[in-house]
Amino acid sequence: MELDPATPAPLPLPDPAPDHGQEPAPASADPPSQAWIRAGFVAGGLFYLLGACLLAALAMMLLRLPESATMPFARSAVWILLSYVLALLALGVGSLAGRRWARDLLAVVSGVICVSGVLAGGLILAQPMPSGLPDVRLFSAGGVALILGVVPGLLWAFYAGRRSGDWSAARHRRPTWTMRHTLPELALLIGFGIGGLYNAVSLGSPAFMQFARLSWSGPLPWPLWTALSAAAALLLAWAWWTRQAWAWRASLLYVLVLFPANSFFVQMPEATEYLRSVGHSDAAVGRLLAEDYTLPDFRWQGLAVLLLAHLALLAWVRWRRPQARSEAPA
């Protein structure tokens, strides 16, 4: 069909509009040039999956002990270990899939394990060896520091890096709840949340109830004190989750008051009485006493670690006053 000379020629059609739901991937998400980031996510995921398997094996070993049926602490330890197993399984699978929420949470978890591993190695060196046994403290401390200190430290440096965050965000564009918070805020949120749940669960544990009966000297009954501490910690976790303006000051008050009080009001019980109260047989108690066994007292070391860690995180939040790394999902 011929066009009328008076009719203007049709304009060329514009290029199709881009799909705003799928933004172009940034250069940092180019798979060939970022293969090492993918390898880091895989290595971290395998490390934490291996950790989950080891903790599951340890829980099974505790269940197979002949004394486990009569020792409340063994049953409580099994439940705690299984909760760690489930958490590590989820984080490991999330890292293998390159998920952003797994990257954010593993940055926090890796940092916590790194600090704990270094401190555990130091505590091993500080413990005296029983007479007649070879001194393997240096070997044990080195192994603990390597597995629970150096490796998690390297993973922390990887997960906390900006490139790993950009890469995982480019692969999965839907915002996640972790992207509403900075890493120190996530650490405080998780710390208060787990601490509150731990205190709440301990109220139903015969092992903790027995320990409190022999060691607690606070102004309030231990169940009431623990219930109030759990409620306060969970409230702070909610405050950090919702980014309440008073969360920082309330957290500082909790750290400076509750942490020292929990250490000050606990007096380590006599070993014989406590071991018998939690189900150890007279023969087992006799063997331990023959080796001059005493209950380990890490109250003040634990207090120092908790205070320094929480105060450092609070100072980080206060000093930087950072904005959320990404806008909250609508």
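Leu148 is placed in helix H4, which spans residues 137-159; helices here are DSSP runs of H or I with at least four residues, strands are runs of E with at least two, and both are numbered from the N terminus. Together with Leu146, Ile147, Val150 and Leu154, Leu148 forms a nonpolar surface patch with about 470 Å² of accessible area in total. Such patches are made of residues with over 30% relative accessible area and no salt bridge, nonpolar side chains (Val, Leu, Ile, Met, Phe, Trp, Tyr) being joined within 5 Å and like charges within 9 Å; the areas come from the Shrake-Rupley method with a 1.4 Å probe, and for residues only the protein chains shown count as cover.

The model is predicted, so that local features need pLDDT of at least 70 and side-chain atom pairs count only at pLDDT 80 or more, whereas totals for chains, interfaces and linings use all residues. Residues are numbered from 1 along each chain as its sequence is written, and side-chain values use heavy atoms, with hydrogens and water left out.

The protein has twelve helices and zero strands, and buried residues make up 35% of its 330 residues. Tyr198 is placed in helix H6 (residues 183-202) and, at 41% relative accessibility, counts as partly exposed.

Aromatic pairs were assigned to rings of Phe, Tyr and Trp (its six-membered ring) whose centres lie within 6.5 Å, planes under 30 degrees apart counting as stacked, over 60 as edge-to-face and the rest as tilted. By this rule the count comes to 14 aromatic pairs. One of them is the edge-to-face pair of Phe41 and Phe158, with 5.4 Å centre to centre and 80 degrees between the planes. This pair links distant parts of the chain, since Phe41 belongs to helix H1 (residues 35-64) and Phe158 to helix H4, 117 residues apart. Phe41 is buried, with a relative accessible area of 0%, and Phe158 is likewise buried, with a relative accessible area of 14%. Trp238 and Trp246, by contrast, form a tilted pair, 6.4 Å centre to centre and with 35 degrees between the planes; Trp238 is partly exposed at a relative accessible area of 44%, and Trp246 is partly exposed at 36%. Phe41 and Phe158 also belong to one aromatic cluster with Trp36, Tyr159 and Trp167. A charged group meets an aromatic face where Arg318 lies over Trp248, at 4.6 Å from the ring centre, the criterion being NZ of Lys or CZ of Arg within 6 Å of the ring centre and within 35 degrees of the ring normal.

Salt bridges, defined by a side-chain nitrogen of Lys or Arg within 4 Å of a carboxyl oxygen of Asp or Glu, come to a count of four. Asp104 forms one with Arg100, the closest N and O atoms being 3.1 Å apart, and another with Arg103, at 2.7 Å from N to O. Because Asp104 and Arg100 are four residues apart in helix H3 (residues 100-126), about one helical turn separates them. Both Asp104 and Arg100 are buried, and Arg103 is buried as well. In helix H5, Asp166 and Arg162 are also four residues apart, about one turn of the helix, and form a salt bridge whose closest N and O atoms are 3.8 Å apart. Asp166 is partly exposed, with a relative accessible area of 31%, whereas Arg162 counts as exposed at 70% relative accessibility. Salt bridges that share partners join Arg100, Arg103 and Asp104 into one network.

Polar contacts were taken as pairs of N or O atoms within 3.5 Å; within protein, one atom must be able to donate a hydrogen and the other to accept it, and residues adjacent in sequence count only if both atoms are side-chain atoms. In helix H5 (residues 162-171), Ser168 is buried, with a relative accessible area of 0%, and its side chain reaches the backbone oxygen of Ser164 at 3.0 Å. His181, found in the loop between H5 and H6, counts as buried at 1% relative accessibility, and a polar atom of the His181 side chain lies 3.4 Å from the backbone oxygen of Trp241.

Key. Buried < 20%, exposed > 50% of the residue type's maximum accessible area, 1.4 Å probe, protein only.
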